[in-house]
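Subject: Structure for you to look at

Hello,

Here is the structure I promised to pass on, with my notes below it. Please have it open while you read.

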Amino acid sequence: MNSPAVPPVSDLKKMYGALWRIRTFEGQVQRLAAAGEVPGFPHLSTGQEAVAVGVCAHLTREDTLFTSHRGHGHTLAKGADVQATFAEILGRDGGLCRGRGGSMHLVDAANGVLGATGVVAGNLPLAAGAAWAAQARGEANISVVFFGDGATGAGVFHETLNLAVLWKLPLLFVCENNGYAEFTSREEHSNVKQVSAFAAPYGMPAKTIDGNDLPAVHAAAGAAIASLRRGEGPYLLECMTYRMAGHFVGDAQHYRSKEELAAVKEKCPIERLKRHLLGLGAAESELDAIGEEARQEVLKAVERARTGPPPDPATVLEYVYSSPSLAEIPG
Amino acid sequence: MTQTFIEILRRALDEELARDPAVHLLGEDVAAGGAFGVTRGLAEKHGMQRVRNTPISEAAITGMATGAALCGLRPVLEIMFIDFATLALDCLVNQSAKYRYMSGGQLAVPMVVRTQAGAAGGAAAQHSQSLEAWFTHVPGLVVVAPSSPVEAYGLLKSAIRLGDPVLFIEHKRLYALKEALPERAELPRIGKARVARAGNDVTVIAYSAMVRNALEAADELARAGISVEVIDLRSLLPLDMATIAASVAKTHRVVIAHEAVQNCGLGAEISARIGSELFDELDAPVTRVGCPFAPIPFAPDLERALLPGTPNIVRAVRELAG
């Protein structure tokens, strides 16, 4: 594999802002969920932002992206509008899915976000299908699927790895290994330590990297995606990361030690990119301004989303079928 | 020229593959013709990229068909037995059925899942079931069950052209049946039932292979002076209540017949809807013919003993007409 290009500092600074956008967004979800303003049970990607930003930096609008229940960050990194994404999580009419999907089912088709799914591992074959569609039509776009290490417990994970290699699909598997499947640590739910090890038996190239190190994610994803675009078939990228928040908003996290929680800050991808950029000669004041600008942009979008109206209850039966004649089924 | 159910399905698939480059077939052994030979010769004619073999991975291939449909392909997936669709339920129920709705209309899943169901010839408990009611309970799915080769031709083509995920259920007992396709067969609208035989005394509502039993029963009852109207539902979801209502307004007596287990079967829903929507038309309670509450046995004598058939329909109609 060719050694990937190191992104210019100006790009890294942009990505620094992108990390802050996601961090701020998730913080607002957490704040408003605690206040009872967010229906359902949103899952936060706080602490995992570098994976979303580092991978999506290489994607075009036409590339398709599938994500999991923990998908706010990926959706934003792929280009979804902040206000419409937040409005969806609030269940508003101005949301991406007009309030039909919510946090676990975000879709922004215009930006290639073909969806978050609430069933762990359920998104993997969908992403393979999108890759197959691109291949079948001779289109240049690729498909990317984000999933947690918990998904490796599902049979369909293995079925999809096998099929992706057999059909040589342009599909990037991105595992965010945050060490937990819901509340159970990886040691307790799998005897296979590294998710990347599952790729070898199927003949798929794979790599495990530090997912909280944005330049490392950017480099590894860039190399993997370049090989996909050359038609070399699927690739599995395992990003070791850390879920700074609980499994869901309100999770008391009794399963984590105080020492583990204290070490969280040290692993923070934003802090780490900041140190990296300072080392490259960036001014702290400039970085702080970038962060502040991103925060303000998100906070304003969140406030606009909060003022939007809820969906009209009279529209609750829309979008079930392609035609009204099929939908005449009484409840 | 007459053709079997299998040959007519193949013709419909062949024509749809030729008509629309978005149509792709996938499934276990489909490039080799499929377990029942439905897709024989299609890979040779349309290419291995259009007719693709898959591993025995029902969950993944159903997900792949769904994902490809989201991106504009029109996949036709073969699930060899409906019993194996249980392995694909997460995708069908949680993804395929709901994508249009969950995305607020941004995306659609124009896909057909062809599967084969029903009991015949000692296929036993895991290759004989009639599980259609599991799927008619899911908003967003369409469920179609043709009763004859000619019906299958039109319904399959219409299903492939629809913008929704369709479960297309083929009864194994119908596969060898032969019919001649009319010169210009008009494609039926999905969701529309048909009156398979007109009559005045009792309405028998059936679908799939049971329509043939209903027609046999109607012949026998006609000789006894009882005039039976047979409705072939064709589409189980959505249900064509208008056609049912028109018939009930004429006969005022209804028997619903299906091979599936009677308990919580589609007949229960139809009966409830006739009861609430057409109560004033009824001269007698709606009755049902269905399978007793047991798995399908292997031994041919036991299989015959369990399965509902023409005599059960005759008996049910006689009780109502009496």
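Where in chain A is the place of A:Lys168? A:Lys168 sits in the loop between H6 and strand E4 (171-177) of chain A. Helices (H or I, at least four residues) and strands (E, at least two) are DSSP runs, numbered from the N terminus.

Before the rest, a word on conventions. This is a predicted model, in which local features need pLDDT of at least 70 and side-chain atom pairs count only at pLDDT 80 or more, while totals for chains, interfaces and linings use all residues. Residues are numbered from 1 along each chain as its sequence is written, and chains are lettered from A and ligands numbered from 1 in the order in which they are written.

Back to the backbone. A:Lys168 has a positive phi, near 50 degrees, in a residue other than glycine. A:Lys168 is partly exposed, with 13 other C-beta atoms within 10 Å. On this scale a residue is buried if 20 or more other C-beta atoms lie within 10 Å of its own, exposed if 12 or fewer, and partly exposed in between, with C-beta atoms placed from the backbone. A:Arg98 also has a positive phi, near 55 degrees, and belongs to the loop between helix H4 (82-90) and E2 of chain A. A:Arg98 is buried, with 22 other C-beta atoms within 10 Å. B:Pro238 lies in the loop between strand E12 (235-237) and helix H9 (241-251) of chain B. Most residues other than glycine have a negative phi, and most peptide bonds are trans.

Chain B as a whole has 12 helices and 14 strands. Its radius of gyration is 19 Å, close to the 20 Å that the globule rule gives for 322 residues, so chain B is as compact as a globular protein of that length. The radius is taken over C-alpha atoms, and the rule is 2.2 Å times the number of residues to the power 0.38. Of the 322 residues of chain B, 55% count as buried.

Now the interface: 36 residues of chain A and 38 residues of chain B take part in the contact. Two residues are in contact if their C-beta atoms, placed from the backbone, lie within 7 Å. On the side of chain A that touches chain B, H5(A) gives the most, with 9 residues. By class, that side of chain A has 20 nonpolar, 12 polar and 4 charged residues. Here Ala, Val, Leu, Ile, Met, Phe, Trp, Tyr, Cys and Pro count as nonpolar, Asp, Glu, Lys and Arg as charged, and the others, Gly among them, as polar.

Two helix pairs are also worth a look. Helix H1 (residues 9-34) and helix H12 (residues 284-307) of chain A pack at about 40 degrees, with axes 8 Å apart. Axes are lines fitted to C-alpha atoms, for helices over the stretch in contact, and angles run from 0 to 180 degrees between N-to-C directions. H1(A) and H12(A) are therefore oblique to each other. In chain B, the axes of helix H3 (residues 58-70) and helix H4 (residues 89-96) come within 8 Å and cross at roughly 30 degrees. H3(B) and H4(B) are therefore roughly parallel to each other. Angles under 35 degrees count as roughly parallel, over 145 as roughly antiparallel, 65 to 115 as roughly perpendicular and the rest as oblique.

Best wishes
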